[in-house]
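Here are my notes on the model you sent over.

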Amino acid sequence: MASNIFGIAKSCFVESNNPQEFIELSSNIVHLETLEELAEKPFKLLLLHGAPGVGKTMLLKKFSQKRSDIYYYERPFATSMELHKALSQDIFSQGRDIFLHLESLSPEQAKIVILDEAQMYDEQMLEAVRILADTKKLKFILAMHSSHNEHLAAKEHFKTRIFKTIHVEAPDLREFYVYIQKKLLRNNLLELAKSFTPTNAKMIYRFTRGNLRESDKFLFTLFDMLEYFFTTKGIDPSTIDRKFIEMAAIYLGYIDA
């Protein structure tokens, strides 16, 4: 193995929402196919929810790349006026009243609007979304944390407008191991991928429960430590000793020292 092998591995797990870094797993491919199928239907609202760090944003960015009629907004809008202005500019290239523009669209030309971090929206903003959805010219996908999804779905005036709810979960242990392998292999780290065993993955999974954001942080820390010990102590790079995984867990607060 090259002397910088662990440094390259570390870079594989830098947190990123770049859809080019999307790792195909059985579970997220199912969600992607579901979104693609639903995009053809005349819905008003879709809810996509899950715990923070399970890959909702990456999934939505990947989905938004597949069609020209999708408008994705990662950061919440502060007011309905900001939302209206952004939609007018992005869809129609004009800053006039969004409702005047929407009159020119037929329901078959309806655009898909993705609002990420929708748990940040207050009652007034949600009402603005509802009114826009009722025009049948805009189809909204709201991505939020699970607890907020339950709160929204319970609202009387949203119940009849929610076409489907998609729940995104952390990968299971098998998929988690595949996730790590694909990350390493994508960067041509074949030998390191062979060294990283299912037992290694199981140890990390026990700490992070497969949460991708936490797991990326854990793996970055692990490979950072391995890079240091390889450079200064000349450790064997062909195996990953469990003591280094435990050290990373201690450093990140999963284990009390």
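1. R209 sits in the loop between α11 (198-208) and α12 (212-233); helices here are DSSP runs of H or I with at least four residues, strands are E runs of at least two, and both are numbered from the N terminus. R209 has a positive phi of about 55°, although it is not a glycine. At 70% relative accessibility, R209 counts as exposed. For the cut-offs, buried means under 20% relative accessible area, exposed means over 50%, and partly exposed is in between, with a 1.4 Å probe and protein chains only.

2. Before going further, keep in mind that this is a predicted model, where local features need pLDDT of at least 70, side-chain atom pairs count only at pLDDT 80 or more, and totals for chains, interfaces and linings use all residues. Residues are numbered from 1 along each chain as its sequence is written, and side-chain values use heavy atoms, with hydrogens and water left out.

3. E117 is another one to look at: its phi is near 55°, a positive value in a residue other than glycine. You'll find E117 in the loop between β3 and α6.

4. The protein has 13 helices and 5 strands, and an open sheet of 5 strands has the order β2-β3-β4-β1-β5, with parallel pairing. Two strands count as paired if DSSP finds at least two bridges between them. At the edges are β2 (70-73) and β5 (162-167), each of which pairs on one side only. On average, neighbouring strands of this sheet are turned by 15° against each other, direction ignored; the axes behind such angles are lines fitted to C-alpha atoms, for helices over the stretch in contact, and the angles run from 0 to 180 degrees between N-to-C directions.

5. Have a look at β1. This strand (residues 45-49) pairs with β4 (residues 138-144) in the parallel sense over 5 bridges, and β1 also pairs with β5 in the parallel sense over 5 bridges. L48 has A143 as its bridge partner in β4 and I166 as its bridge partner in β5. Further bridge partners in β4 are F140 for L45 and L142 for L47.

6. How many residues of β1 are buried? The count is 5 of the 5, so β1 is largely enclosed by the rest of the structure. L45, L47 and H49 point one way from the strand, L46 and L48 point the other way, and all are buried. Check H49 in your viewer: that histidine is one of the buried residues.

7. On the β3 side, 5 bridges join β3 to β4, and the two run parallel. L115 stands opposite L142 in β4.

8. Next, the helices on the sheet. Helix α3 (residues 56-64) lies across β1, β2, β3 (111-115) and β4, and runs at about 150° to β2. Helix α6 (residues 123-133) packs on the sheet too, touching β1, β3 and β4, and its direction makes about 150° with that of β4. Contact, by the way, means heavy atoms within 4.5 Å.

9. K10 deserves a comment. This lysine is in helix α1 (residues 5-12), and K10 is buried, with a relative accessible area of 17%. Which residues does K10 contact, leaving aside its neighbours within four places in sequence? They are F220, F223, D224 and E227.

10. E227 comes up again with I250: the two are 23 residues apart in sequence and 17 Å apart in space, C-alpha to C-alpha. I250 lies in helix α13 (residues 242-251). I250 is partly exposed, with a relative accessible area of 38%.

11. Last, the overall numbers. The C-alpha atoms fill a box of roughly 70 × 35 × 30 Å, taken along the principal axes. Buried residues make up 48% of the 257 residues in the protein. Of the contacts with a separation of 6 or more, 77% are between residues 24 or more positions apart.
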